[in-house]
Amino acid sequence: MAVLVGEQRRQLAARSGSLRRRQQWRAFAWNAVIYALLIASGVLFVAPFVWMVTASFQDVGDMFRWPPSWIPRSPSFDNYVDFFAQERIGRYFFNSAYVAITVTVIQLFLASLAAYTFAKRRFPGRDALFLVTLGTLMIPGQVTLIPNYVILKHIPFFGGNDLLGQGGHGWLDSYWGLIAPQGASAFGIFLLRQYMKTIPDDLLDAARVDGASEFRIYRQVVMPLCRPAIAALGIFTFTYQWDDFFWPLVIVSNEDLRTLPLGLALFVVRNRTVWDLLMAGSVIATLPVLIVFLLFQRHFIRGIAVTGMK
Amino acid sequence: MAVGSAAIQRQRPAPPRRGGRRRVLREMRKQWSAYLFLSPVLLLFAVFTFFSVGYAFYLSFHQWNILEPQKPFVGLDNYARLLEDERFRQAILNTVYYTAASVPLTIGFGLLVALLLNNQIRARGLFRALFYLPVVTPLVIASIIWKWVYNGDFGLLNYYLIKLNIIQEPLLWLADKNLAMPAVILTSVWKSVGFAMVVYLAGLQGIPEDYYDAAKIDGANGFRRLRDITIPLLSSTTLFLVVISVLGSFQVFTQIFVMTNGGPLGRTRTIVWYIYQTAFKNFDMGYAAAMAYALFALMFGFTLLQMRFLRREVEY
């Protein structure tokens, strides 16, 4: 009896061993498939990107050659030098940075202030005002595009306008026009409000008992606790603004105010063939967002989870 | 302590009852700083959103050219013109084509990549960054790179397709009336798969491991676990992505402007491209405002439809 049991056990062990081996093999094959798919699609995804960087260090002659060379034959910075010499790229770069940073700072400040008010204070009309704020999310930019252009043109006392907003170009062709209409973001307010709601009221009440003003509570209690959400929103806003093309295209005609995407896009439309310089310009335009992304990658990814965008 | 809690009580009163107008006013005076904190954003919204929407409506009823002093009222003429405008009809069809192709491709591929990355694999962060790289690349730059990739004479795409014997002759991707739109769509998919991937990854993390364990015990294989657990539980994520992507696709402009500028033969003219041309090249702003309202109506209708259609699927 005891022998039989031992025999059975051995058989059982052998069977489960082969099962385990089969499972292991299957897991291995499955992993191989996963890696193959990931590597293949990953390569396809970065290829255009790598090509841009390679091309920016190549001579035009080498760019126009089949087979394409993925490693520059005679790498040089000539394209960059030429690009800076030919186009006022430094100016474009400054404009992009100035507008993107200013808009980000203003948006974060105004949105967090509003978010705090909506999340943590009670006052008559709060829910109605919050609904009004959310309502702006429903309206696509194309509807407000044309009227906003007309509104900017008629801002009084700017750009040669009189009191009634006549006679000049107002905020068109100005940093004001590039920045002011982007100052309020309902998306940012909503996002920060959701985050601030998780802060316990007791903390704020304790500060109120100590006689802190509402602004001080906002600045010294709420803001430090919201750092992850602020970081995520800030990165998001900066990249979005750096990327923005449509609005500058519409309101800027003065070459000195072109942002980098606008300058490059008009460059493509005007000179159809200067690919070497274009690739250099593209690398320059991508670098800031790339750096921000690599530095704050975790925030980027976490931001999406934090913001409840799922 | 007792004094303190009394102060807190005063800070948060019960909602005012009917007829308490004076109390409301007193409360408003006491909470004056709340209104102060909100005033900058509310002012900006008032001018650049709410006034603007009304003003667009006003414009759409006028023959409104920014260069002409006379801007006569024309009633519904601009909207009537829309119905007969062959180019507008074409722009709508092109936009629908773009949306119908790019949204499912982006979301499907994003889900696939997310599922692959959701396994125990090495260099997960690296892969995630690779797929996310196009998302952070400025759209204008992405369009420029791809314009080069599609180049008829020296483009990468033609070179490798010929080498793999898929095509014999180089194709003029962006100048061919049947290929231009697919080419633009491919660029957009490349640009936004990473976003869908990250959102799906966040969604996948929210699915409890227990569900899979239970299914395994019941003998469900990988495909069935995917079909019966993962995809249904991701449906709210999918809904979010579909709504966001469709609304974004309806507004496609930059890729078109840089890569094809509406050509060839108007095959890549989209609604927003046409609005831009009408308003800022022809300065026919009244008509363009009417178009913008038509787009708004289209987007609004689509959102309602999607909400209703997809909500049913969520309640599986």
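A salt bridge is a side-chain nitrogen of Lys or Arg within 4 Å of a carboxyl oxygen of Asp or Glu. By this rule, a search of the whole structure finds ten salt bridges over all chains. The structure is a predicted model, in which local features need pLDDT of at least 70 and side-chain atom pairs count only at pLDDT 80 or more, while totals for chains, interfaces and linings use all residues. Residues are numbered from 1 along each chain as its sequence is written, chains are lettered from A and ligands numbered from 1 in the order in which they are written, and side-chain values use heavy atoms, with hydrogens and water left out.

**Salt bridges**

Side chains of opposite charge can pair when their charged atoms come close. The table gives examples.

| Pair | N to O distance |
|---|---|
| A:Glu214 and A:Arg208 | 3.0 Å |
| B:Arg81 and B:Asp284 | 3.2 Å |
| B:Arg224 and B:Asp228 | 2.9 Å |

A:Glu214 and A:Arg208 are both buried; buried means under 20% relative accessible area, exposed over 50%, and partly exposed in between (1.4 Å probe, protein chains only). Together with A:Arg121 and A:Asp205, A:Arg208 and A:Glu214 are linked in a network of salt bridges.

Helices (H or I, at least four residues) are DSSP runs, numbered from the N terminus. B:Arg81 is partly exposed at 39% relative accessible area, whereas B:Asp284 is buried at 18%. The charged end of B:Arg81 also sits over the ring of B:Tyr287, 3.6 Å from its centre; for this, NZ of Lys or CZ of Arg must be within 6 Å of the ring centre and within 35 degrees of the ring normal.

B:Arg224 and B:Asp228 both lie in helix H11 (residues 222-233) of chain B, four residues apart, about one turn of the helix. B:Arg224 is partly exposed, at 43%, and B:Asp228 is partly exposed, at 34%.

**The interface of chains A and B**

The contact (heavy atoms within 4.5 Å) takes 95 residues from chain A and 96 residues from chain B. About 8,800 Å² is buried between the two chains, and carbon and sulfur atoms give 80% of this area. Buried area is the accessible area (1.4 Å probe) that two parts lose on being put together, summed over both. Across this interface the rule finds zero salt bridges.

Helix H6 (residues 141-153) of chain A holds A:Asn148, and A:Thr144 is found in helix H6 as well. A:Asn148 is buried, at 6% relative accessibility. Not counting residues up to four places away in sequence, A:Asn148 touches A:Trp247, B:Val47, B:Phe48 and B:Ser52. A:Thr144 is buried at 10%, and its contacts beyond four places in sequence include B:Phe48, B:Thr49, B:Ser52 and B:Val53.

**Aromatic rings**

Rings of Phe, Tyr and Trp (its six-membered ring) pair if their centres lie within 6.5 Å; planes under 30 degrees apart count as stacked, over 60 as edge-to-face and the rest as tilted. The structure holds 44 aromatic pairs over all chains. One of them is the tilted pair of B:Phe253 and B:Phe257, with 5.6 Å centre to centre and 35° between the planes. B:Phe253 is buried at 3%, and B:Phe257 is buried at 8%.

Note on methods: Helices (H or I, at least four residues) and strands (E, at least two) are DSSP runs, numbered from the N terminus.
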